[in-house]
Amino acid sequence: MSKLAIVGGKSVRTKPFFPWPVYGKEEEAQLKEVLKKSTALIGKRAGKITEFEEKFAFFHNTKRAVACTNCSHALEIMLKVSGITVGDEVIVPSYTFIATAAAVMRCGAKPVFIDIDSKDYLLDITLMEKLITPRTKAIIPVYFGGNIPDMEKLNTIAKRHNLLVIEDAAQAHGAKWGGTFVGNFGKAAGFSFQYSKNMTANEGGVILSNDADFIEKCWQYIWHGRKKGGLLYEHFLITSNFRITEFQAAVLIAQLGRLKGQNERRHKNGLYLDKKLSSLPGISTLSFHPKLEIHPRHLYILKFDSSFFKGAKKHQIIKALNAEGIPALGGYGFPLYKNPAFGKSDVINPVAEQACREHIWLLHNNLLGKKTDMDDIVRAFEKIVENREALAEVP
């Protein structure tokens, strides 16, 4: 049995994984087009924003798209345009980034935190109806890590109670469930193009919807309250500037061209890791619904059994994996509702609490490599399992 690298052994891997972001001549060509058109006439739009919106909507088989500053704003805009306001309640998962609940609060509404399912770390649909009150107006399913809950069941419950469904697809670019792409399961969906995401322009966001009137209202909100076809200095709402730039849109056009192939590789490598890692004692992989045809694996999430690992803490396992050359992450240290920004909370979601203690994250670019790269990940986990007694020595 080889010794753990963190206590003096040899690392499984020394070379870096697949770099992120991926960029090349496609991005350069797109950016040059913007520069040439901008210098030809100061203030002239290069048309890249519209081009990207049309191509992103077409890729996801939705009718309309409007780009914006980021997905945090996209969530807020979708809720505000939908009429969510003071006194309303919106159900959100307790295992997600703060933007989901913060968007609700910025509308003056109350986020109601729902626990997650231990099998997939997505919101537990069986708990939905217990949380619905006369004030509940919407639910935001978060496609965490690119995984998708049973949207047929979720939408059945939402329809029964007349709830708005807003998809938080920040991590699910190009995900496909039951023959349908994300962006088609609710009123609208928001996506992120922050630097770690599966498509990136360092920042940016987009809203997808099949409701043309809804998208027009989102556009108006994003573009300082203007109306399409109206005068340049004619404003109908007091909002602000939530526009994406032509440069970001240009980069995203190039990024979109790689998405299908990258998703297919991540999906395939994810299945390989599922098979290999799930066979190890003390390690569990998350499940996904059989109807999820394309899992973009923004995060590859595992959980470990702390009792099997002799009480080892998450940070000790993460440090040991990092020393073996595997860039594993510890993710959230506590559920969303425990953030100081929300004040004191009496919410207790036990599955989310446990997930935050026992999860391990790998980023999507780690799944863009070859089979040999996946085998290195497997070997590192095998080594951790074999040397679990030594993890107590990790500071």
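This section describes the sheets, helix packing and selected backbone features of a predicted model.

In one of them, 3 strands are arranged in the order β7-β6-β11, and the pairing is antiparallel. Strand β6, residues 176-177, is joined to β7 by 2 bridges in the antiparallel sense. Within this pairing, tryptophan 177 is placed opposite threonine 180 of β7.

The other open sheet also contains 3 strands, in the order β10-β12-β13, with antiparallel pairing. Its edge strands, β10 (283-285) and β13 (359-363), each pair on one side only. On average, and with direction ignored, neighbouring strands of this sheet are turned by 30 degrees against each other. The pairing of β10 with strand β12 (residues 299-304) is antiparallel and comprises 3 bridges. Serine 284 has lysine 303, in β12, as its bridge partner. Helix α9, residues 314-323, lies across β12 and β13 and runs at about 35 degrees to β13.

Helix α9 is also packed against helix α11. Two packed helices are described by the angle between their axes and the distance between the axes. The axes of α9 and α11 (residues 371-386) come within 10 Å and cross at roughly 130 degrees. The two helices, α9 and α11, are therefore oblique to each other, and α9 passes α11 in a right-handed crossing. On the α9 side, Ile317, Ala320 and Leu321 take part, and these residues meet Ala380, Phe381 and Ile384 of α11. The contact of α9 with α11 consists of 6 nonpolar residues, with no polar and no charged ones.

Helix α11 has a further packing partner in α8. The axes of α8 and α11 are 10 Å apart, and the packing angle is about 30 degrees. Angles under 35 degrees count as roughly parallel; α8 and α11 are therefore roughly parallel to each other. The crossing of α8 past α11 is right-handed. From α8, the contact draws on Asn269, Tyr272, Leu273, Lys276 and Leu277, while α11 provides Lys371, Met374, Asp375, Ile377, Val378 and Phe381. By class, the residues in the contact of α8 with α11 are 7 nonpolar, 1 polar and 3 charged.

Alanine 250 is located in helix α8, which spans residues 246-277. Because its relative accessibility is 0%, alanine 250 counts as buried. When neighbours within four places in sequence are left aside, alanine 250 is in contact with Gln30, Leu31, Val34 and Lys48. Alanine 250 and leucine 368 are 118 residues apart along the chain, and their C-alpha atoms are separated by 23 Å.

Buried positions were also examined in helix α4. This helix covers residues 98-105, in which Ala99, Thr100, Ala101, Ala103 and Val104 are buried. The packing partners of the buried α4 residues are helix α3 (71-81) and the strands β2 (89-93), β3 (110-114) and β5 (164-168).

The peptide bond from tryptophan 20 to proline 21 is cis, with omega near 0 degrees. Proline 21 belongs to the segment before α1 (25-40). Two residues with positive phi are found in loops. For asparagine 202, which is not a glycine, phi is positive at about 80 degrees; asparagine 202 lies in the loop between β8 (188-192) and β9 (205-209). Lysine 310, likewise not a glycine, has a positive phi of about 55 degrees. Lysine 310 is part of the loop between β12 and α9. Residues over 50% relative accessible area count as exposed; with a value of 53%, lysine 310 is therefore exposed.

Technical notes. Residues are numbered from 1 along each chain as its sequence is written. This is a predicted model: local features need pLDDT of at least 70, side-chain atom pairs count only at pLDDT 80 or more; totals for chains, interfaces and linings use all residues. Side-chain values use heavy atoms; hydrogens and water are left out. Two strands pair if DSSP finds at least two bridges between them. Helices (H or I, at least four residues) and strands (E, at least two) are DSSP runs, numbered from the N terminus. Buried means under 20% relative accessible area, exposed over 50%, partly exposed in between (1.4 Å probe, protein chains only). Contact means heavy atoms within 4.5 Å. Axes are lines fitted to C-alpha atoms, for helices over the stretch in contact, and angles run from 0 to 180 degrees between N-to-C directions. Angles under 35 degrees count as roughly parallel, over 145 as roughly antiparallel, 65 to 115 as roughly perpendicular and the rest as oblique. A crossing is left-handed if the near helix is turned anticlockwise from the far one by less than a right angle, and right-handed if clockwise. Ala, Val, Leu, Ile, Met, Phe, Trp, Tyr, Cys and Pro count as nonpolar, Asp, Glu, Lys and Arg as charged, and the others, Gly among them, as polar.
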